[in-house]
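Please keep the sequence and the structure in view while reading.

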Amino acid sequence: MPLTTPVQLRFSDIDAFGHVNNTIYLSLMDLAKTRYFIEAMGGELDIRKAGLVVVNVNCDFCAPAFFDEELVVITLTLSVGEKSLTLEQEVVCPAKDGQVKCRCRTVMCGFDPRTMTAIAITPEWRNALEKMEGREFPLNK
């Protein structure tokens with residue numbers, strides 16, 4: 001099940017055109033991704049032991065967002081493979097019938113910080129994400 005995270009804009013998030021600067025969207029989604037993972041892991045997440053790193057981010061900027069708009073980020077897991085998972089996030093404005101401001105897909109890889117190498121997504125993460133989304137993510141080998 002997707003998680004909706006309200007986000008607060010800061011004055012410094014606004015660019016010379018009066019709208020949210022495109023670089024800020026990644027920060028907003030990072031906040032929401034952290035909240036999503038904390039929720040998935042039952043309220044506790046040791047970031048030093050998370051075992052995931054971002055390997056790819058793709059964003060589509062759909063409509064400008066402005067300082068006075070209420071924004072939320074909707075986060076969900078699209079897929080979980082052997083060594084990676086894919087998240088989808090949207091920054092939306094509920095007051096404008098859920099108008100999508102930005103849509104992002106992020107690929108994260110299992111990672112061992114001791115060896116600095118990719119590793120399999122742990123059963124703990126797979127189970128937590130399956131529970132969060134209410135569905136299984138079968139391994140396609």
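**Aromatic cluster, cores and cysteines**

Tyr36, Phe37 and Trp125 form one aromatic cluster. Here rings of Phe, Tyr and Trp (its six-membered ring) pair if their centres lie within 6.5 Å; planes under 30 degrees apart count as stacked, over 60 as edge-to-face and the rest as tilted. The model is a predicted one, in which local features need pLDDT of at least 70 and side-chain atom pairs count only at pLDDT 80 or more, whereas totals for chains, interfaces and linings use all residues. Residues are numbered from 1 along each chain as its sequence is written, and side-chain values use heavy atoms, with hydrogens and water left out.

Three aromatic pairs are present in the structure. Phe37 and Trp125 make an edge-to-face pair, with 5.0 Å from centre to centre and 80 degrees between the planes. This pair links distant parts of the chain, since Phe37 lies in helix H1 and Trp125 in helix H2, 88 residues apart. Helices (H or I, at least four residues) and strands (E, at least two) are DSSP runs, numbered from the N terminus. Both Phe37 and Trp125 are buried, a term that means under 20% relative accessible area, against over 50% for exposed and partly exposed in between (1.4 Å probe, protein chains only).

The largest nonpolar core has 16 residues, of which Tyr36, Phe37, Leu52, Leu85, Trp125 and Leu129 touch the most other members. Such a core is a set of buried Ala, Val, Leu, Ile, Met, Phe, Trp, Tyr and Cys residues joined through side-chain atoms within 4.5 Å. Two or more residues of this core come from each of H1, strand E4 (84-93) and helix H2 (123-133), and H2 gives the most, with four residues. Leu52 is in contact (heavy atoms within 4.5 Å) with residues including Phe37, Leu85, Ile121 and Trp125, neighbours within four places in sequence being left aside. A second, separate core of 15 residues includes Leu9, Ala32, Leu71 and Cys93.

What of the cysteines? The whole structure contains zero disulfides, a disulfide being a pair of cysteine sulfur atoms within 2.5 Å. For Cys102, the nearest cysteine sulfur is that of Cys59, 4.3 Å away. The sulfur of Cys104 has its closest cysteine sulfur in Cys59 as well, and the distance of 3.3 Å is too far for a bond. Cys102 counts as buried because its relative accessibility is 0%, and Cys104 is buried, with a relative accessible area of 2%.
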